[in-house]
Amino acid sequence: LCLNSHCHPCLQPSCFGYPISIFFIVINEFCERFSYYGMRAVLVLYFKYFLHWDDNLSTAIYHTFVALCYLTPILGALIADSWLGKFKTIVSLSIVYTIGQAVMAISSINDLTDSNQDGTPDHIAVHVALSVVGLILIALGTGGIKPCVSAFGGDQFNDDQEKQRTRFFSIFYLSINAGSLISTIVTPILRGQECGIHSKQRCYPLAFGVPAALMAVSLIVFIIGSGMYKKVQPQGNIMVQVSKCIGFAIKNRFRHRSKEFPKREHWLDWASEKYDKRLIAQTKMVLKVLFLYIPLPMFWALFDQQGSRWTLQATTMDGNFGAIQIQPDQMQTVNPILIIVMVPVVDAVIYPLIKKCGINFTPLRKIAVGMFLASLAFVAAALVQVQIDKTLPVFPAAGQTEIKVINLGSANAAVQFQPGLKNVTVEPHEASDYMIFKTSELNSVSVMFGNQTANPEMDLLDGKRQTLAVKNVGTTIVAEWLHDNITSKPEEGNNLIRFLNNMDQPVNVSMAGTHFGFLPSLSASNYEAFSRGSKKITGNTASLSCEVSSKTFGFGSAYTVVINGCSGNVLNTTYVEDIPPNTVHMAWQIPQYFILTCAEVVFSVTGLEFSYSQAPSNMKSVLQAGWLLTVAVGNIIVLIVAGASKLSEQWAEYVLFAALLLVVCFIFSVMAYFYTYIDPNEIEAQLDEDEKKQAKKDKDPEKEVEAVSRM
């Protein structure tokens, strides 16, 4: 039944016993989480492929942003509780948030500074500046409203609606997971599209624009419900009181550091001159829990690398799942999907089984197990990385040159690299592997077809790859040096394709709508990027027009396609593999995601539950702030460790993080062993009793004075 406030002025508008206002709040939260996680899902690839930052800088800026998102909730809570109130704080910071998302979408528009229309921004600094401004505004917005929205939802219920309030929080957290899951699937698909005014690029403006639109919807929906909300006036922030109490205790203890002053049972007791017994006792309970938080950031240092290092790892893997092509940033969806499955399974099956085995699986033991599992997940990631590294091409360093020989002739070609460095024999229409030489030692090259010999002029570039194309034409040998101009694996799982004309006349080549132009005989085009799959190749000469379907390209390969001739309007082509495709399948990331999700279930859920059970009810906001702070510090740890380690191998960095978390897990286990569980309700009941006794004592002397005055 829905009740209208006009008919019942003492009631809020409600539906089935729930205030109608909470439906606006749930929709608001879904849209906001879609906006945040959608933007964050593609962020590290935007840094790498659009702003052209390397892996380390992309990772560093990503984790700086996430850290900022988890530092600003403290600011949001202070503004809401001490100044504006929750409603005005949510509205004002949501406006900031929406502007930030819009700025990010604008920053990713390639044509914004592409005045020469070559497909590359002319002033990348403009895009970087806009991106930084956008990310700061988003961090202020998302972090600022984080502690307010759920609490504002809780404010909508009356004291007699405890059951409805509990269900609301379940629906609220379901909306968070739904927004996260759907956006992490959708935005990578949007990013994978091609868009642009002058040139077609990966569609980052759409990938950032849709989250910006959802954030605007979130704000509008929240404002529409304004007249129905119960708005509690700001009543001061408990964090401020706790901070002042701690500060005064430290200051007072320092003032009375002389031995003539007797020691007190606890250092916080030095605040008793100014603050009441209850606040001091509550602060002691909170500090006891916060002390246990000290090792926790290391867990988040590993956990949040799903969006950075693990996503970058996926870019070097094969995303072909049959009919579905998975984008590297879509692998992050494994986590929310598994969370939805694992939370009920762990609660309903795993924990009861452990209990039946007679094991006392305390909350602190669960947290320690979560740390161990996260460490194990990074060992799994390291093993996957070792397999990936085996498939990665080796590029020449400074002082080296790398050479491949392609035989375009009709007989075996014997090639000697002088003086006596290497001899290779290449069969017709085949190619050798790349060979690395010291540039200073390689003086000349000899090419032999049977009794014929040629010494092509050297044309080497230091630190680069070259291809030597050789061919016997009648009694002469033709040799051409081709500069490969590839210095890394193709980006975003694309394939780099170039064409080499082995016909005796020029040919105009195009593939899948990309024109490579006229290629003279024995010349090669530049490489162009193509997505996976088979493409239509067209070759036109002065007298012939031919076409053929290419081989099916995978992910991350590079090929030289040799055009040998045209027969019956069908192009005769052969393929030379310059860089092998990604062969390690993305499915190999699922075990590490599964282990890390199990770690999250036993660590994160238990951590908050334990914190709330060990602190008084009015101090939960302090613990929430402390918990979010551990996430922020964890992301800062990634910056410090990744920056200080200077490890050249990615697998070694994974092992380093796993080892660090194992050490921290051991330290936490020792701390947990000496921890004594408390019941805050018992302590508060004792405080109530003490206060009553004190009030009675204060009252009794007044009665005595009154009796004396009557005598």
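**Surface, spread and a nonpolar patch**

The accessible surface of the protein chain in this predicted model is about 33300 Å², and carbon and sulfur atoms hold 61% of that area.

User: What share of the 711 residues of the protein chain counts as buried?
Analyst: Buried means under 20% relative accessible area. The protein chain has 711 residues. The share that counts as buried is 49%.

User: Is the protein chain a compact globule or more spread out?
Analyst: The chain holds 16 helices and 23 strands. For 711 residues the globule rule gives 27 Å. The radius of gyration is 33 Å, well over that value, so the chain is more spread out than a compact globule. Along the principal axes, its C-alpha trace spans about 140 × 65 × 50 Å.

User: Among contacts between residues at least 6 apart in sequence, what percentage joins residues at least 24 apart?
Analyst: Contact here means heavy atoms within 4.5 Å. Take the contacts in the protein chain whose residues lie at least 6 apart in sequence. The part joining residues at least 24 apart is 70%.

User: Which helix gives the largest share of the nonpolar patch?
Analyst: The patch covers about 730 Å² of surface, with Leu68, Val132 and Leu629 among its residues. Helix 2 (55-84), helix 4 (124-155) and helix 14 (620-645) each give two or more residues. The largest share is four residues, and it comes from helix 14.

Technical notes. Residues numbered from 1 in each chain as written. Predicted model: local features only at pLDDT ≥ 70, side-chain atom pairs only at ≥ 80, totals over all residues. Heavy atoms only, no water. Patch = residues over 30% accessible without salt bridge, like charges linked within 9 Å, V, L, I, M, F, W, Y side chains within 5 Å. Areas by Shrake-Rupley, 256 points an atom, 1.4 Å probe, with all protein chains shown as cover. Salt bridge = Lys/Arg side-chain N within 4 Å of Asp/Glu carboxyl O. Rg over C-alpha atoms; globule rule 2.2 N^0.38 Å. Buried < 20%, exposed > 50% of the residue type's maximum accessible area, 1.4 Å probe, protein only.
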